[in-house]
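Visitor: I have a chain open on my screen and a few quick questions. Can you walk me through it?

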Amino acid sequence: MLKVGDRAPDIEAETYSGQKIRLGDFLGKKIVVLYFYPRDNTPGCTKEACSMRDKMEDFKKLGIEVLGVSVDSVRSHENFRDRFNLNFPLLSDTDRKIVRAYGVESESGTAKRVTFLIDRSGVIRYIWHKVDTSHHADEVLEKVRELGLV
C-alpha cells in the first residue's frame with residue numbers, strides 16, 4: 001500500500017475519444033487529485049463526481065488537475081460524463097493495472113473509494129481512505145490549502 005511521501009506510480013490510461021492521459025504529463029505543472037471510485041452511475045460515485053464537477057473552477061484556479069479512475073469502460077465513462085455534465089477526465093482501468101499499482105483494488109475487482117493528492121513533483125502528499133462523497137471536493141481543497149501546496 002502506498003503512503004504519504006511515496007512517489008506516485010506513473011500511470012497511463014485511455015479516456016474519451018481514444019485520448020491517453022499519463023500522470024507524468026503533469027509533473028512540474030499541476031497538482032493532481034487522483035480519485036478512485038467503484039462504479040459509474042451509482043449513488044455514492046455520482047455524488048462524489050458531482051462534488052468535483054461543482055468545484056472545478058476552484059481547482060483550475062489553483063492549478064489542480066482532477067482525474068477520476070474506475071475499472072469501467074471508456075463507453076461507460078462517456079455515458080457517466082454526459083449524464084452528469086462532468087468536466088474532468090475519467091480514466092478507464094479495465095485491465096486493473098492502475099488500481100493494483102495504487103493498492104486500491106477491492107475484493108470484487110472494482111476500485112476502492114480512495115483519493116490521492118499528488119504534488120507537482122509527483123509525491124503523494126495526502127491519502128483519503130474515507131471519503132464524504134457529497135463534500136469530497138471541499139475536503140480536497142481544504143487539504144491543498146492546509147498543506148501549503150498553492
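Visitor: What does the accessible surface of the protein chain come to?
Guide: About 7200 Å². Carbon and sulfur atoms hold 45% of that surface. Keep in mind that this is a predicted model.

Visitor: And how many positive and negative side chains does it have?
Guide: The protein chain has 25 positive and 24 negative side chains. The centres of the two sets lie 1 Å apart.

Visitor: Now the fold. How many helices and strands are there?
Guide: The protein chain has 5 helices and 7 strands. Along the sequence the pattern reads β-β-β-α-α-β-α-β-α-β-β-α. The radius of gyration is 14 Å, close to the 15 Å from the globule rule for 150 residues, so the chain is as compact as a globular protein of that length.

Visitor: What box do the C-alpha atoms fill?
Guide: Roughly 35 × 30 × 30 Å, along the principal axes. Buried residues make up 53% of the 150 in the chain. Of the contacts with a separation of 6 or more, 66% join residues 24 or more positions apart.

Visitor: Let's go inside. Which residues touch the most other members of the largest nonpolar core?
Guide: Met 52, Phe 59 and Phe 88, in a core of 27 residues. Strands E3 (31-36) and E4 (64-70) each give two or more residues to this core. So do helices H1 (43-54), H2 (56-61), H3 (74-84) and H5 (136-146).

Visitor: What does Phe 59 touch, leaving out residues up to four places away?
Guide: Val 33, Met 52, Ile 64 and Val 66, plus Ala 137, Val 140 and Leu 141.

Visitor: How far apart are Val 32 and Gly 63?
Guide: They are 31 residues apart in sequence and 8.7 Å apart in space, C-alpha to C-alpha.

Visitor: On to Ser 70. Where does Ser 70 lie?
Guide: In strand E4. Ser 70 has 0% relative accessibility and counts as buried. Setting aside neighbours within four places, Ser 70 contacts Tyr 37, Pro 38, Asp 40, His 77, Leu 91, Ser 92 and Asp 93.

Visitor: And Thr 133, buried or exposed?
Guide: Buried, with a relative accessible area of 15%. Thr 133 lies in the loop between strand E7 (124-128) and H5. Beyond four places in sequence, Thr 133 touches Gly 44, Lys 47, Glu 48, Ser 51 and Arg 113.

Visitor: What about the segment after H5?
Guide: Leu 147 is in that segment. Leu 147 is partly exposed, at 28% relative accessible area. Neighbours within four places aside, Leu 147 is in contact with Leu 117, Arg 125 and Tyr 126. Leu 147 and Tyr 126 are 21 residues apart in sequence, and their C-alpha atoms are 9.0 Å apart.

Visitor: Which helix holds Asp 58?
Guide: Asp 58 is in helix H2. Asp 58 is partly exposed, with a relative accessible area of 28%.

Visitor: Last topic, backbone angles. What is the phi of Asn 41?
Guide: About 60°, positive although Asn 41 is not a glycine. Most residues other than glycine have a negative phi. Asn 41 is in the loop between E3 and H1, and is partly exposed at 27%.

Visitor: And what is phi near for Arg 96?
Guide: Near 65°, again a positive value in a residue other than glycine. Arg 96 is in the loop between strand E5 (90-92) and helix H4 (97-101). Arg 96 is partly exposed, with a relative accessible area of 21%.

Definitions and conventions. Residues numbered from 1 in each chain as written. Predicted model: local features only at pLDDT ≥ 70, side-chain atom pairs only at ≥ 80, totals over all residues. Heavy atoms only, no water. Helix = DSSP H or I, 4+ residues; strand = E, 2+ residues; numbered from the N terminus. Rg over C-alpha atoms; globule rule 2.2 N^0.38 Å. Buried < 20%, exposed > 50% of the residue type's maximum accessible area, 1.4 Å probe, protein only. Contact = heavy atoms within 4.5 Å. Areas by Shrake-Rupley, 256 points an atom, 1.4 Å probe, with all protein chains shown as cover. Lys, Arg positive; Asp, Glu negative; His and termini not counted. Charge placed at Lys NZ, Arg CZ, Asp CG, Glu CD. Core = buried A, V, L, I, M, F, W, Y, C linked by side-chain atoms within 4.5 Å.
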